[in-house]
Amino acid sequence: MSQMLKETDATRRRIERRAERRKRDSVATSWGPGSIVKLILMALVNALGIYIAATALSGGSKVLGIGMVLLLAAVDWIYFSKRDSLIPAKYLAPGLVFLIIFQAFTIVYTGYIAFTNYGHGHILTKEAAIESILLQNNTKRVEGSPEYPLAIVEQGNELGFAVFDGTEVKVGSAEQPLKKVGAKVSNGRITEVDGWKVLSIAELGARQSEVTQLRVPLSEDLNQGALGTQNGMTGFQFTSTIRYDEQTDTMVNTEDGTVYKADDTVGSFISEDGNALGVGWRVGVGFKNFVDGFSDARYAQPFFNVLVWNVIFAFMSVLTTFLLGMFLAIVMNDDRMRGRKVYRTIMLLPYAFPSFMTAFLFAGMMNEKYGFFNQLLGASIPWLTDPTMAKVSVLLVNLWMGFPYMFLIVTGALQSIPHDLIEAAEIDGASSMEVWRHVTLPQLMIALTPLLISSFAFNFNNFNLIYMLNGGGPAMSDASVPVGHTDILISMVYKIAGLTGEALPNYGLAAAMSLVIFLIVGTVSMYSFKKSNAMEGVA
């Protein structure tokens with residue numbers, strides 16, 4: 001009974017202390033400097049979140065906008081709540097937010113793009129595609145239409161036209177029809193426009209192509225035509241040679257009468273003879289991108305060739321850097337070696353140098369005609385132009401860049417092995433090789449296996465080295481897509497996405513291949529971690 005009374009009394013005192021602490025914390029944080037700093041930081045976070053949500057919602061990304069609002073509400077609830085149970089969440093929330101934004105969202109969005117036709121000619125929504133067809137494409141100047149003094153204006157990164165009709169100034173852009181604004185006109189020329197920057201002649205020359213292709217709607221009715229210019233100084237009325245019938249969801253060419261029907265399965269307006277208008281829209285295509293990646297001869301053959309080389313490159317990169325790094329670490333871990341600190345510092349210099357700069361440096365030194373290596377050897381070795389030598393060169397450069405990391409982690413692992421184990425093995429009569437094989441190496445592998453797995457994953461996607469050293473070249477002569485002999489999957493995806501300008505953009509196919517890479521690396525990593533745990537249990 002007395003024990004129960006003691007426990008009850010202890011519980012009561014804990015509750016009283018907790019209530020007192022909450023009261024004290026509430027008073028202290030209501031007006032304290034810590035509370036003010038928190039309010040300022042949370043105000044900045046909320047302002048940024050509201051801006052992102054508003055931008056997403058106004059741009060048509062409702063899912064992203066709503067997701068940001070929910071995430072912002074959760075963060076506010078966590079940091080402004082006084083519940084003790086939420087204290088751990090206050091420390092975990094920043095990391096979780098960054099994980100959701102930069103990892104989870106990226107993976108989910110990539111997965112979404114992989115099941116669409118997002119790419120060249122299919123960037124826009126259907127509504128934007130219709131507007132582009134009517135205004136920005138298939139237009140011609142209306143003969144006899146009036147001419148207007150015109151100025152090229154800019155708001156942010158958006159170009160627009162400001163026109164003077166003799167009485168008032170109107171301004172508009174590709175997205176907004178002409179409307180009246182406040183402006184200054186001098187000698188019939190527009191010099192200032194409220195809310196817009198008037199471009200100078202020099203600025204106009206740098207964007208001439210963009211200016212001549214710009215069409216600004218005359219009104220909300222797109223069939224009334226648009227304003228365009230051929231010289232950046234005078235505006236003319238342009239009308240589209242295409243008319244859109246909303247009831248039948250068709251485009252009609254007014255010059256030859258060709259009818260283009262909307263096909264929502266491919267995201268294009270297509271005529272009866274199979275011709276499609278140049279501008280389409282994004283639609284879901286199911287597993288088409290995955291099927292193309294593995295069955296279309298244009299992609300399947302180079303894909304499997306690149307996959308084989310990718311696996312070899314990642315495995316050999318880990319193996320060579322680990323062996324060299326381990327050898328140097330063992331040599332410099334010997335107490336009899338003098339000047340070990342200096343040598344260790346020198347070993348880490350390649351790791352401290354930026355990787356992309358190292359790749360650029362070796363690209364110059366391996367130049368077949370003017371490179372340092374060929375001049376030193378007095379030979380003409382095709383380091384980066386021959387398919388086989390290029391692969392060897394990539395591995396050698398990666399060895400130079402990667403062995404310091406392995407040297408560093410092996411050195412740390414060696415120093416963490418209990419010296420008593422080695423002494424016990426030596427007392428039992430084990431030779432140096434037996435000590436290494438049965439004591440040192442197993443202990444090293446227990447500590448280093450997770451790092452070797454992560455190194456494999458890193459090298460499997462080592463885009464910087466491949467792209468900066470030789471751009472994945474030399475090119476495969478038998479491939480119909482821009483792929484080289486030293487390309488790995490991630491650099492191949494980069495090229496297929498059209499980011500190098502060598503091919504038309506195909507973001508859907510690139511996203512599908514990115515998911516395949518993710519699954520390959522994830523599967524290999526999970527299997528390796530499972531095996532490493534089994535090995536650790538045996539050890």
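Predicted model: local features only at pLDDT ≥ 70, side-chain atom pairs only at ≥ 80, totals over all residues.

Student: How many helices and strands are in the chain, and how are they assigned?

Tutor: The chain has 18 helices and 15 strands. These are DSSP runs numbered from the N terminus: H or I of at least four residues for helices, E of at least two for strands.

Student: Why is the chain called more spread out than a compact globule?

Tutor: The radius of gyration, taken over C-alpha atoms, is compared with a globule rule of 2.2 Å times the number of residues to the power 0.38. For 539 residues the rule gives 24 Å, and the chain has 33 Å, well over that value, so the chain is more spread out than a compact globule. Along its principal axes, the C-alpha trace spans about 105 × 90 × 50 Å.

Student: What makes Asp-76 count as buried?

Tutor: Buried means under 20% relative accessible area, exposed over 50%, and partly exposed in between, with a 1.4 Å probe and protein chains only. Asp-76 has 19% relative accessibility, and therefore counts as buried. In the chain, buried residues make up 37% of the 539 residues.

Student: Where is Asp-76 found, and which residues does Asp-76 touch?

Tutor: Asp-76 is in helix H3, residues 62-80. Leaving aside residues up to four places away in sequence, Asp-76 touches Met-42, Asn-46 and Ser-81; contact means heavy atoms within 4.5 Å.

Student: Which residues does UniProt list as "transmembrane region", and what is the helix content of residues 63-80?

Tutor: The unreviewed UniProt entry lists several spans, including 63-80 and 342-363; such annotations may be inferred rather than shown by experiment. Residues 63-80 are 100% helix and 0% strand, with end C-alpha atoms 26 Å apart. Residues 342-363 are 91% helix and 0% strand, and their end C-alpha atoms lie 29 Å apart.

Student: Which residues carry the record's "domain: ABC transmembrane type-1"?

Tutor: The unreviewed UniProt entry gives residues 307-528. That span is 73% helix and 0% strand, and its end C-alpha atoms lie 19 Å apart.

Terms used: Residues numbered from 1 in each chain as written. Heavy atoms only, no water.
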